[in-house]
Amino acid sequence: MMKDSDVNMKDSFPLLDARKQSEYLDNINISTRAKLKMLVRAYFHQITKGCILKQCNNPYCSSNMKPQNDTEAAKLAITLAKKAFEKDPQYFFCNTLNVVLPNFSSPTDVCIQPECLTMLMEDKDTTVLVDIIKRVFSNEESLTYSFLTQEALRNEVNYSSKNSGVDIEAVDQSYKLLLKNETISSALSSSLDNLSQKLKEKAKKLNERNVRIFIIILECPLLMEPSSHEILSNLMQGILQLSTNALDSLKLKLSEVPKSYLSSFVSIFQQFITVQLYAKGYIDEKIAYATRILGILNAANEMKMNRFERVNYEEFYNDAVNNIVDIKEDYMRWARAQHIPNHGFECFNFCEYPYILDPGFKSKILQLDAELQQSKELRNAFISSLFRQPTSLFCVLKVDRHNLLQTALNEIMLKAEDLKKQLRVKFIGEEGIDEGGVRKEFFQLIVRQIFDVNYGMFEYNEETRSFWFNANSFESQDDFKLIGTVIGLAIYNSIILDTHFPNVVYKKMLGFKPNFEDFKEAFPKLGRGLQQLLDFEGDVEDVFCRTFQVETEVFGHKVTHDLKPNGGNIYVTNQNRQEYVDLLVEWTLEKSILQQFNAFMEGFRMVCSDPTILNLFRPEELDLLICGSPVLDFEALERTTRYADGYDKDDPLIKDFWDVVHHFTEEEKKKFLMFCTGSDRVPIKGLGELGFVIVRNGDDDTRLPTAHTCFNHLLLPRYSSKEYLRERLLTAINNCMGFGLQ
């Protein structure tokens, strides 16, 4: 063992300020025995584990000593600790800052790391620990330093790195230990309150390195309690005052926080908004703060490279906002805010923060916007008819059921200027008056024909059960323009369509650039092959024998395309394989279908020309808006169904009716929806939002059920038995088409 006499303190490493250290020990309110105990533990850690310095000159650091067994290390630690209480104290600590004992030792010794807390909490007397908590959790530098990773302490993780530099698991474990004791928990809460006020006041001065403190504080479970909302309010105001560089740094570091922890951060602010909304009944600035903080977390979440590590976007929806906020008022505030750059709280609205809104709320915003535009068009048409040439108040499409595509295309081109009016559809030679049901059938039929693979506009992928643009289609661009217009009209008139596109189509519609992840989702088999090529550890050129050229088959003939100039003569190698994958993805998802997709979007923009509303939606939500929910929840439909003309939910026939319907196959349930509503698609928020009504229609066993599809009304006779009910209902749903039975 090394002797004290062997150490020349001045020559071996810089002596720290012994006077300050002595003053510190004298001033902390703990006994000499407790102080000695703290120092022994600090020295023991230093001797056995060392510090974080790459080149430490301290002879009493593990990096400069022969391995010590626990007994030898303990004896030496006691010897060194005693020297701190001599008349002229000597301190044998490494030259690194300690957050508990300033200038004493490595920050990983007895401070607030989980293993140290465990030892400190063994004492029934919590005086030492409470003192530590008060000082560490009231100082952002001390708290940050306590939980930096070893790499960050060695400056291997700099402030601009995406790596957070925070030992997030140690933070979590420490909080769990501290909250086991009520006295310590109270001290922690009080300290965080003090610290949050300091951060609020000095936020503008914080730099890129300092922002780690917010990650450490947000991990505290106390923030989930309403009693900590003032702490949270201070933190929010502090974060929102950060400089642009500091805020960008915080987002980068948050993007590296594990998914489960980032999810817990989201929950903190979601609960804050919910409690505040229900408690106050109105929107105040604190709710606005929390909404904006959720935006920072959402941005960090989207920055995660691995989409499987992202928090589910649905976790950002707030039920309180979506259920009790006045949609029309929020829309009007949003409209005003668009004309006031950098507006303040006076124009705060949730539409500017769409991540917090669910698809149901957004669809109502879109519907409200469409109704306002339709009212404007109606008013203009009415005024025009008074002073100029008479004009139709509606957009009326007269189509031939037997030549649907051509007549629909002709009508749409002829009435392009009327497409934003309320839509009415008239089937030539039929008596149906369009109160909603006729146009539902029109959309159903036209989509069915356009997506028929025999028509040649789209290709069907059996694995994904979705359609993709046929890059070699012989159909005119007008046909692709037609389907774009049809989808735009459906959105504008709140009609759900039976379309099946991969998610990348909706990304492209919203202006996002596709990537390899989108490719793998749209073309799983090809995606798996390309991933194998990227992951292959051998000689790619020798094994895969690929060039920068793609080959497709068009009506029995092979057609090639170079992904880059002279691509047929350039082999894919280990060095250029990433470039090959990137170019192939770009060709497949963009360049090969450029004409078809551009025509499609041209038609879509004939109706949905303002991108502001659509930008509320994520690609997944746009899919829901167009196609409806995929979930056939008939339990929800039963719970929300209303009854009229003698029926109620407790009627024996109604109970038999639901028993019959619940036992339908999936296909029969879709036919039932088609029969009753004119569409087999489910509303964006599920069948519970359908507004379904069952009306009594006589007592005749021979009469079939009928429906007012415009109003989602089922006219159901009172049958004498359950068997009659089942047989008549199945007959009706299996033979309905148009307005009548075929």
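Does Leu 250 count as buried or exposed, and at what relative accessibility? Leu 250 counts as buried, at 3% relative accessibility.

**Around Leu 250**

Leu 250 belongs to helix α13, which covers residues 244–255. Setting aside neighbours within four places in sequence, Leu 250 touches Val 211, Phe 214, Ile 215, Ile 239 and Leu 242.

**The chain as a whole**

Zooming out, the chain has 742 residues, and buried ones make up 51% of them. The fold counts 33 helices and ten strands. Take the contacts with a separation of 6 or more: 69% of them come from residues 24 or more positions apart.

**Salt bridges**

The count of salt bridges comes to 26.

| Pair | N to O distance |
|---|---|
| Lys 202 and Glu 140 | 2.4 Å |
| Glu 621 and Lys 362 | 2.6 Å |
| Lys 507 and Asp 518 | 2.8 Å |

Begin with the salt bridge between Lys 202 and Glu 140. Lys 202 is in helix α10 (residues 182–202) and Glu 140 is in helix α7 (residues 140–146), so this pair ties together parts that are 62 residues apart in sequence. Lys 202 is partly exposed, with a relative accessible area of 31%, whereas Glu 140 is buried at 9%.

Next comes the salt bridge of Glu 621 with Lys 362. Glu 621 sits in helix α29 (residues 619–627) and Lys 362 in helix α18 (residues 359–387), so the parts tied together here are 259 residues apart in sequence. Both Glu 621 and Lys 362 are buried.

Then there is the salt bridge between Lys 507 and Asp 518. Lys 507 lies in helix α22 (residues 503–509) and Asp 518 in helix α23 (residues 516–522), so the pair links parts that are eleven residues apart in sequence. Lys 507 is buried, with a relative accessible area of 13%, and Asp 518 is buried too, at 6%. Salt bridges with shared partners also join Glu 302, Arg 618 and Glu 620 into one network.

Phe 382 is partly exposed, with a relative accessible area of 47%.

The average pLDDT for the chain is 84, and 87% of the residues score at least 70. Which stretches fall under 50? Residues 1–22 stay under 50, and the model gives them 41 contacts beyond four places in sequence. Over residues 97–110 the pLDDT is also below 50, and that stretch has 64 contacts beyond near neighbours in sequence. Where pLDDT is low, predicted coordinates should not be read in detail.

Conventions: Residues are numbered from 1 along each chain as its sequence is written. This is a predicted model: local features need pLDDT of at least 70, side-chain atom pairs count only at pLDDT 80 or more; totals for chains, interfaces and linings use all residues. Side-chain values use heavy atoms; hydrogens and water are left out. A salt bridge is a side-chain nitrogen of Lys or Arg within 4 Å of a carboxyl oxygen of Asp or Glu. Helices (H or I, at least four residues) and strands (E, at least two) are DSSP runs, numbered from the N terminus. Buried means under 20% relative accessible area, exposed over 50%, partly exposed in between (1.4 Å probe, protein chains only). Contact means heavy atoms within 4.5 Å. pLDDT is the predictor's confidence in each residue, from 0 to 100.
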